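These are my notebook entries on one structure. I record what I looked up and what I found.

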Amino acid sequence: MQYCQLGSSDLRVSVISLGSWLTFGVGVERENAKACVDRAFDLGINFIDTANVYGRGAAESFLGEALTGRPRDSYVLATKLFGQMSDTDRGLSREQVFKQIDASLARLKTDYVDLYQCHRYDPETPLEETMQALSEIVRQGKVRYIGFSEWSPQNIAAALAIPGVEAFVSSQPQYSLLWRRPEDKVIPLCAANGISQIVWSPLAQGVLTGKYRAGQPLPEGSRATSESMSGPIQNWLRPAVLEAVDKLRPLAAEAGCTLGQFALAWVLREPNVASAIVGASRPAQLDENAAAADLTVDASLFARAEAIAAQIPRG
C-alpha cells in the first residue's frame, strides 16, 4: 500500500480507502461487512470514510462496533454532515454542526474524527456561520481537520477568503475515467490551496470493473441487482457506456492488470488525488482494488483510455 499526505494536514492516508456508502449498515450483511473492514487493515488501508446520512446513522454505528479494540491512531476516520437525518435535522447551520458531530462521535464510539466533511454546500446557511462552527469543533478537539464534498469552485473560493477560520484540507468529488468534471476548475483551485482530492465512485459504481456487459443479464448478487444499492448505478448501465468500457479491456490487459485496477490507477495518476474510495461487499474485492496502489501504467495507455471514454454520448 502507498500513502499520501492529505492536503496541508499531517494526516497520511492510504491511496485506496474504504467507503461505506450503500454498503455498511445497509446493503451488506454485517458478517461480510466486518470481514471487509478486517481485510482492509490487513492490506494496509488505514483510511475509512463514512457519513451520518449513510443508512441514517447505520453505517457509523456499524463502524463504531467494527473498529472497537483497534488502536485509535492506527486508522484515519472521516465522516460528514449535511444530509437529512430527521424532519428537522439537515444542513450546515451552527446548531447542526454541533448536534451532528456529537451524534456521529457517539455512533462511531470515538472522541474525535480525523476529518469532518461538509457533504454538500448549504445555500440556506451563511458560509461564515458554517466555517466558524467547524472551526470551533476543531479547537474543541472533536475534529482534527475539515473538508467538503461536491462544492463548486465559487463555494470553495468563498470559504478560502474567510479570515480566522480553519482551512479545508480535502475535497471529495466524484471522479473517474467516465466522470472528469473536477479536472476543469476544482482540482487546480484545490491544488493551489493545500487541498487534496479524496474521490468517490472511481469505478463508476463498479461499471469500470467490467462486470456489466452490454446486452447481457446483470450478474447475480451485484450492486445493480440489489434493491438497496442499485439506484445510483443506473446511469452507468447505458449500452453506450458498457460498450465503451468493453473497449478498455485490451488496454488493461496490455498494462498487465484487471480493468478495475487500471481504472483506479488512472485516478491515482492525478497528483492532487490523495485517495480513491472503494466500496466492498466481499474481502476479495479489496484484494483486487488494493493492488492498484502499486501499479505503474504507461501514460500512453491512459491516453487511449481517455479517448475511448470521451466518445461516450452524454446521458
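**Entry 1: helix α1**

Contact here means heavy atoms within 4.5 Å. Helices (H or I, at least four residues) and strands (E, at least two) are DSSP runs, numbered from the N terminus.

I noted that this is a predicted model, in which local features need pLDDT of at least 70 and side-chain atom pairs count only at pLDDT 80 or more, whereas totals for chains, interfaces and linings use all residues. Residues are numbered from 1 along each chain as its sequence is written, and side-chain values use heavy atoms, with hydrogens and water left out.

Which residues of α1 are buried? I found Ala33, Cys36, Val37, Ala40 and Phe41. They cover an arc of only 135° around the axis, so they lie on the same side of α1. The arc is that of the directions from the helix axis to the C-beta atoms. Buried means under 20% relative accessible area, exposed over 50%, and partly exposed in between (1.4 Å probe, protein chains only). On the face turned away from the buried side of α1, I found the exposed residues Glu31 and Asp42.

I then checked the length of α1. At 1.5 Å a residue, its 13 residues should span 18 Å, and the end C-alpha atoms are 18 Å apart, which agrees. The expected span is 1.5 Å times one less than the number of residues. After α1 comes Gly44, with a positive phi near 90°.

**Entry 2: helix α9**

I looked next at α9 (residues 283-290), where Gln285, Leu286, Asn289 and Ala290 are buried. Their arc around the axis is only 125°, which puts them on the same side of α9. The elements covering them include β3 (16-19), α1 (30-42), α8 (259-268) and β10 (273-278).

**Entry 3: helices α2 and α3**

How are two packed helices described? The angle between their axes and the distance between the axes are given. For α2 (residues 58-66) and α3 (residues 94-108), I read an angle of about 40° and axes 7 Å apart. Axes are lines fitted to C-alpha atoms, for helices over the stretch in contact, and angles run from 0 to 180 degrees between N-to-C directions. The two helices are therefore oblique to each other. Angles under 35 degrees count as roughly parallel, over 145 as roughly antiparallel, 65 to 115 as roughly perpendicular and the rest as oblique.

At the contact, Glu60, Ser61, Leu63 and Gly64 of α2 meet Ser104, Arg107 and Leu108 of α3. I recorded the buried residues of α3, among them Val97, Phe98 and Ile101. The buried residues of α3 pack against α2, β5 (76-81), β6 (113-118), α4 (127-139) and β7 (143-148).

Most residues other than glycine have a negative phi. I therefore noted Lys109, whose phi is positive, near 55°, and Gln205, whose phi is positive, near 60°, as I had read that most residues other than glycine have a negative phi. Lys109 sits in the loop between α3 and β6, and Gln205 in the loop between β9 (196-199) and α7 (239-255). Is each buried or exposed? Lys109 is exposed, at a relative accessible area of 54%, whereas Gln205 is buried, at 8%.
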